[in-house]
Amino acid sequence: MDYRKFITRQVAEIKKTVGKGKAISALSGGVDSAVATVLAHKALGKNLTVVFLDDGLMRQDEPTEVRSAFAKLGIKVKVINCQKNFFAALKGLADPEDKRKAFRDTFYKTLGKAVKQSKAMFLVQGTIAADVIETKKGVKSQHNVLEQIGIDSKKGYGFSAIEPLKKLFKPDVRIVGKLLGLPAKFHQRMPFPGPGLATRVVGEVTPERVKIVRKACKIVEEETAKYKMFQAFGVLLADRATGLTSGGRRAFGNIIAVRAVDSKNAMTATPTKLTWATLTKIQQRIVKEIPGVTKVLYDLTPKPPSTIEYI
Ligand code: XMP
């Protein structure tokens, strides 16, 4: 594939589609939305509004880091705090697909308001080939696959979608991002799902439970930074396990599963062979730094039969 030609073609196409109108792009901090945004900015300049929906489900320090990285590229990012809306929508839900649907509906409703304010007619999305394939196969409802929510028709969100990366897989997206001048921190970054940490909390998603998993993800990312792997993160399970506090008292605490996988394009994956020393360090830090965790597990399951995330 000629990536430079791909960029030229997409920029021309976005320009043609949007014409003299306006478009909006929603950044999530992940690779795909970052690349789609830079591509659209190259095509549209000031006619592209870039928003970041701070849904409370992001990795640690994400809103600040995204804003400053994009400012360096000359792209202004408007951060919209909508944490309350997302936690209200997710309240009481434990079923994975119910959670995904609640996230998706809240995402597009919130975005719909931002679109109206910006007067945009087009929404730029970082949907990639794997998202579409998995959703169509019925594996899981990826939040950004628009065919299934009838974005142009039934629900009348009032905008059409532009999805320049829809035919690409993750490795291609990274190359395009690099050619577009995105810093390595972004184009080499581990994938992060649109529904954010909600995919890493099994059972109900509450601010308290997200806080726990956010810390676990941060520890796993830090301790695996030296590995070249596709994705690594922590997951808060719905179950609990008996343990002992430092004072020797019985505690019935949380269980964190650690997931690290090698993969080319997310369609299949194998568990990464982390060293015993790395696994031990992760376990020690999790129980020490996250109060109430009484068990840490390492997930050995490949995809298939498992998927990469837990919901
Ligand atoms: P699974 O769990 O399906 O994940 O094996 C495959 C890849 O996709 C990411 N993922 C998502 N990305 N929206 C996204 O943008 C989603 O709803 C979503 N669900 C999973 C996951 O992190 C992995 O890289």
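How many cavities of 30 Å³ or more does the count come to? The count comes to two. A cavity here is a set of points, on a 1 Å grid over the protein atoms alone, where a 1.4 Å probe fits but cannot get out. Grid points are joined across faces, edges and corners, and a volume is the space filled by probe spheres set on the points.

This is a predicted model, in which local features need pLDDT of at least 70, side-chain atom pairs count only at pLDDT 80 or more, and totals for chains, interfaces and linings use all residues. Residues are numbered from 1 along each chain as its sequence is written, and side-chain values use heavy atoms, with hydrogens and water left out.

**View 1. The second largest cavity holds about 40 Å³ of space.** Its lining consists of Arg59, Met190, Pro191, Phe192, Arg200, Cys217, Glu221, Gln231, Ala232 and Phe233. Each lining residue has an atom within 4 Å of a point. Helix 9 (207-223) and strand 6 (231-244) are the elements that give two or more residues to this lining. Strand 6 supplies the largest share, three residues. Helices (H or I, at least four residues) and strands (E, at least two) are DSSP runs, numbered from the N terminus. By class, the lining has six nonpolar, one polar and three charged residues. Ala, Val, Leu, Ile, Met, Phe, Trp, Tyr, Cys and Pro count as nonpolar; Asp, Glu, Lys and Arg count as charged; the others, Gly among them, count as polar.

**View 2. Two cis peptide bonds involve proline 304.** One joins lysine 303 and proline 304, with omega about -15°. The other runs from proline 304 to proline 305, with omega near 10°. Proline 304 lies in the segment after strand 9 (293-298). Proline 305 is also placed in the segment after strand 9. Most residues other than glycine have a negative phi, and most peptide bonds are trans.

**View 3. Aspartate 61 has a positive phi of about 65°, although it is not a glycine.** Aspartate 61 sits in the loop between strand 2 (48-54) and helix 3 (62-72). Its relative accessible area is 43%, which makes it partly exposed. Buried means under 20% relative accessible area, exposed over 50%, and partly exposed in between (1.4 Å probe, protein chains only).

**View 4. Alanine 266 has a positive phi near 75° and is a residue other than glycine.** Alanine 266 is placed in the loop between strand 7 (250-262) and strand 8 (270-271). Alanine 266 counts as buried, at 19% relative accessibility.

How values were computed. 1 Å grid on protein atoms, 1.4 Å probe; cavity = no way out; pocket = protein on both sides within 12 Å on 5 of 7 lines; lining within 4 Å.
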